[in-house]
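Hello,

Here is the structure for your files. My notes on it follow below.

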Amino acid sequence: MNKLIAPSILAADFGNLQRDVEMVNNSKADWFHIDIMDGVFVPNISFGMPVLKAISSHANKTIDVHLMIVDPDRYISTFADLGADVLTVHYEACTHLHRTIQAIKASGMKAGVALNPHTPISVLEDIITDLDLVCIMSVNPGFGGQSFIENTYKKVTQLKQLITETNSNTLIEIDGGVTNKNAKQLVDAGADVLVAGSFVFKSDNPTETIADLKSICN
Ligand code: DX5
Ligand code: ZN
């Protein structure tokens, strides 16, 4: 299967947002990864609806929104209206996860669940067949530029096994500290989508860095 690269706009230059969105449009990237942080679920605030609206108006690839917010049910239809194609909520933020997932799908989006580094894969056993995507956090959510947590490989293998056993049609996404050093091992373990923020946007040539990641994975 074609492995996907999703540059994280959190690491873009917000003073040149349109330029950076167009760089992704014209690159080998597959998706835009958009991090929404509320300062409550995570100790940081990123950006909100008006900025996503501006990104959507220029982006011509799949928009993958990662909600790091409490009570995400409040905003599902808002994110659908803003152009999100995939909407991912945190397992740790959802008391009624099944209901939330159904609401995301009913709004016409693909539904994802993100797991913090301490949350085991086993919590997804009774919902995996409903999920379009599982995002394994390979850093503690809240900030770009952190180092990759090595325990992630084990979780990818476990999740891949769960997906295979249950005959589910679920993509495995990895988010945090992804570089050309860990990309191949992640894909070999079963990852389908690699999010990369700092590694792409802080490099000398982001377009080339995206192409390199894409070729490492495929
Ligand atoms: C972290 C975010 C990530 C972040 C990744 O909370 O969910 O998507 O932007 O950034 P890097 O690739 O720099 O770790
Ligand atoms: Zn993210």
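Helix packing and ligand contacts

In H1, Leu 17, Gln 18, Val 21, Glu 22 and Asn 25 meet Val 51, Ile 55 and His 58 of H2, where contact means heavy atoms within 4.5 Å and helices are DSSP runs (H or I, at least four residues) numbered from the N terminus. By class, this contact of H1 with H2 has four nonpolar, three polar and one charged residues (Ala, Val, Leu, Ile, Met, Phe, Trp, Tyr, Cys and Pro count as nonpolar, Asp, Glu, Lys and Arg as charged, the others, Gly among them, as polar).

This is a predicted model: local features need pLDDT of at least 70, side-chain atom pairs count only at pLDDT 80 or more, and totals for chains, interfaces and linings use all residues. Residues are numbered from 1 along each chain as its sequence is written, chains are lettered from A and ligands numbered from 1 in the order written, and side-chain values use heavy atoms, with hydrogens and water left out.

H1 (residues 17-25) and H2 (residues 49-58) pack at an angle of about 45°, their axes 9 Å apart; axes are lines fitted to C-alpha atoms over the stretch in contact, and angles run from 0 to 180 degrees between N-to-C directions.

Around ligand 1 there are 20 residues, of which Asp 35, Gly 142, Asp 175, Gly 197 and Ser 198 come nearest (a heavy atom within 4 Å). An oxygen atom of ligand 1 is 2.8 Å from a side-chain N or O atom of Asp 35.

Regards

Methods
Helix = DSSP H or I, 4+ residues; strand = E, 2+ residues; numbered from the N terminus. Polar contact = N/O pair within 3.5 Å; in protein donor to acceptor, adjacent residues only side chain to side chain.
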